[in-house]
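Here are my notes on this one, written as numbered points. Keep the viewer open while you go through them.

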Amino acid sequence: MEKENKSKKSPQDRREFLKKAGTVVAGGTILAAFGALIPKAKAEKADYFWQIDWNKCTNCGRCETDCVLTVSAVKCFHANRVCGYCDLCGGYYRSNVKDLNTAAENLTCPTGAISRKFVEDPYFEYAIDESLCTGCGKCAKGCGSFGNGSLYLQIKRDLCVNCNQCKIATNCPGDAIQRVSNKNAYELKG
Amino acid sequence: MKKLLFTISSLFFTLTAMAVQRFPKPEFESGYKYPDLHYALPHEMVWEVVDIVLLVVLMSVVAWAMMKKRNRKPIVWVSIISIAYFGFFRKGCVCSIGSIQNVVLAFVDPTYVLPLSVLAFFILPIIFAFFFGRVFCAGVCPFGALQDIVNVKNYRLSKAVSTVLGIIPWIYLAFGILFAATKSLFIICRFDPFIGIYRLGGAVGFVTAGALLLLAAVFTGRPFCRFLCPYGALLSLFSRVSIWKSRLTTKECISCDLCHNSCPVDAVRPPYNNEVKESRSQGVRRMLGYFVGLPILIIAGALLMRMSSGSISRVNKDVKLYDMVMAQEANPQENLNLDLEAFYGQGRTVAALKASYEKHQADFKLYSTIVGGFIGLVIGLALINLSVRRKRLHYEIDPANCVSCGRCFSYCPQNNDKIILENKNHEKSHS
Amino acid sequence: MEPKKEDSTNISRKKFLRICGSVIAGGAIVGVSGKLLYNKYGNQEVERKAQAVPQGSKSPYRLLSSIEVPEWIDGFELSGDKVIVAAANGIYVYDRSGNLSQNFAVASKVRDIAVKDETIYLLFPTRIEAYNMEGDLVRDWKACDDHADYCSFAIAGDNLFVTDAGNKAIFKYSTDGSFVSVISSPNDFIIPSYSFGITASNDRIYCSNPGRHQVESYTLDGQYKGAFGKAGGAVGMFCGCCNPVHLTHTSNGEIITSEKGNPRISCYSSDGKFRSVLLDSKALGGGNVAYNVRLDDDKVIVSGKNRISFFQYDGALAEGTDCSLCGLECPLRKNVTI
């Protein structure tokens, strides 16, 4: 307090001045940043959710292992209207199957999540039990290569926690996982 | 979470079906009908609005508790609410700390649209820090709240340790910006120690790290906030020059040192009488040392990072793929790994990949140089700060480091009317 | 400040509470982290390796040469020394060494191509067009039916036999465009996708019935003669829902099939006995899509993606394969002395 009387440009005054200048600069930066960012932020067009583009998906199997959740949020969907209802389903039976029965060694799905119901000769309706599906993509791969591709992987919206950056997306070989908006929460097949 | 079952309307089918190859339908003679498909919808957007409203309300409560009331109780309640809501219910994503990367990406990538809620999470704590100091850190941030709640017995770290460790948040901030600007990886999200606790599951390594950090938080205040959090570093820039600063007490300070002792982040500065008398020539030499040393550090940092930008760029997915493709072309293998199989299977050309690789290398070179210079600047300023002696007459709160937890108020006897009354009675009876 | 009451036997309440708090906090942290670690222990990431391509191809055929076409090939046909390729944006006519002699644009979605008497016939989902070698449209006609969705066709004599996935039957037209008759299968044609191959050999037409995993044969008048093939994944069987995709034949009457999923070219006798795998997945170039196949003298010509490849029987490679053990006078081994 004594120094204030001695000289006009005391260290405390200088410090106060610098602090005030800092405040002005900080305030200006906030305003500038805000102004620059607002045009880039459009609520309607913003993409919040992650989804798999089945055009690019290679069914590599990383969806099962790379999700941050214990049980992956990726599940296999079945597009009945695309399915051929075949008796020798490429997604149900593994590719070198010998006996066409429901023994586990003949089925593609490691958890037995695909079940089938006889409709009429020779058509079978296939369905996936989501509580058993792990998102490994083996059935989708078989269906895509041998059949019509009616089995495909999608991220379930009620399971996915919407990480800022999807861990599977960083590791996806086909770059298939992208941010999509709320309206396209799923990319369904026909 | 509620599971909303929703029948997909035929309109949806036709919209999406245009991209799908149509197949001849089986002829069902038994009158089989296709089943209706139900898919769960995402959570409602109302939670995003609640997030932002709660953020503003909680920060205002902390600001009021710090500036006006000078009481710790509201801040504890805010911490509990934040852990419950932002932590366990919303599972902590997208948080303010990660939002730095989104904002950087928005600046760099014109195609990336920044969600409004993320922008709000980024800018609102900064605005509040600019006005009231780091009120976000107090109890609104779920990580800070968690560490605050478990802080039982506080041991102070030596100035050397805390200065050195205090540089890490700046380095983390710099690298976080680097990797986000080059569209490589969100490292702040990847190396998040506490998210495993809030999600009740996660990678073994990170959950262990989080548990260890929490264990450390029991004995020393807020290790993540002080020594790791990049957003804290950013907020400290603004809180340093905040418009309103919190005062320890409105009454006369009796120099009991309780506030200094109680602060978990060592942000209370005791009074200091600068006895050191420096001759003018010594002072001039010191200033010259700063003016020469600081630029040297900056340039050294920039050069070092520029030289290592090639190795740093290996984090990027396209760069890694390029390495793999070059190795495969030079030495063709029979069994391709999944990435190479996808690359060749999708018909992508090596030329296009090379162009992408070159662009990434150029990006990395540019941003690494800037980041290197920044780190050099930070180290230089930290060193300079160690040698600066400031005269202080009273106990002050250092606004840059103060996380607004309010412990200093709760311990200060001058804030406690009961103790003041007791002291008065004591004096009366003894005088 | 008041001096603390320190009694060696009594702990002050504050100290006691502090110790309790530390113990509880520490215990809670250790307990929670222990439980989480216990749950996550053994979270081994077993990366599924890419499907191992078989080490070394067991194909008795050797790649001679290939022609690169600017776009993905929908179908191709051989005529004399010409190779006529149907691609997304037009017809390309090459000679055997790959020199382009003709190129004209046609509508997209060519499903199949056939050549007879210097006329190129193109099959579209609901119509057929005929061009001469210079690219001029000679004739075209629409399908006689509204539900038509044509997949593939073969020419026998003066007739076109067209397979229809929409009506699940074979439509017989004459080459000048008039509809003749419909052929249905007594087993019902089960066609889940656009894989419905057909070929005409020795007064018979052979077509695939992919849903039944067999190849059926009919006379040129539409009389059902028989079927062969069984479901399964091993060689000699048809797997998945859509195999065999493409069919062709040797001048001996052997039936050559091309499959998808696990792409391979196999040879069967005309009464259905499996003979041998001519080209397996590795020799063809991998992938999942079926390769279109035609035979020419002693060469097997295959098209996939944007490339036409010429293969020839090689005695050295054929050692130990079924091809070398086959006793037939196979035209594919005719000129091969090695």
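Which handedness does the crossing of H7(B) and H12(B) have? The answer is in point 2, after a word on the model.

1. **What you are looking at.** This is a predicted model, with local features needing pLDDT of at least 70, side-chain atom pairs counting only at pLDDT 80 or more, and totals for chains, interfaces and linings using all residues. Residues are numbered from 1 along each chain as its sequence is written, while chains are lettered from A and ligands numbered from 1 in the order in which they are written. Helices (H or I, at least four residues) are DSSP runs, numbered from the N terminus.

2. **H7 against H12.** The crossing of H7(B) and H12(B) is right-handed (the near helix is turned clockwise from the far one by less than a right angle). Helix H7 (residues 142-150) and helix H12 (residues 204-219) of chain B have axes that come within 7 Å and cross at roughly 50°. Axes here are lines fitted to C-alpha atoms over the stretch in contact, with angles from 0 to 180 degrees between N-to-C directions. The pair is therefore oblique; angles under 35 degrees count as roughly parallel, over 145 as roughly antiparallel, 65 to 115 as roughly perpendicular and the rest as oblique. B:Leu146, B:Gln147 and B:Val150 of H7(B) meet B:Leu214, B:Ala217 and B:Val218 of H12(B), where contact is C-beta atoms, placed from the backbone, within 7 Å.

3. B:Leu321, B:Met324, B:Val325 and B:Gln328 in H18(B) meet B:Asp339, B:Leu340 and B:Phe343 in H19(B).

4. **H4 of chain B.** Helix H4 (residues 96-108) should span 18 Å at 1.5 Å a residue, and its end C-alpha atoms sit 19 Å apart, which agrees. (The expected span is 1.5 Å times one less than the number of residues.) Because 10 of its 13 residues are buried, H4(B) is largely enclosed by the rest of the structure. Buried means 20 or more other C-beta atoms within 10 Å of the residue's own; exposed is 12 or fewer, and partly exposed is in between. The cover over those buried residues includes helix H2 (11-37) of chain A, as well as H5, H6, H9, H10 and H14 of chain B.

5. **The A/B contact.** Chain B puts in 52 residues and chain A 49. On chain B, the elements giving two or more residues are H1, H4, H5 and H19, and H5(B) gives the most, with six.

6. **B:Gly376.** This glycine lies in helix H20 (residues 350-387) of chain B and counts as buried, with 22 C-beta neighbours inside 10 Å.

7. **Cores.** The largest nonpolar core has 225 residues, with B:Val62, C:Val85 and C:Val300 making the most contacts inside it. A second, separate core of eight residues includes B:Leu321, B:Leu338, B:Ala342 and B:Tyr357. A nonpolar core is a set of buried Ala, Val, Leu, Ile, Met, Phe, Trp, Tyr and Cys residues joined through C-beta atoms within 7 Å.

Methods
Two residues are in contact if their C-beta atoms, placed from the backbone, lie within 7 Å.
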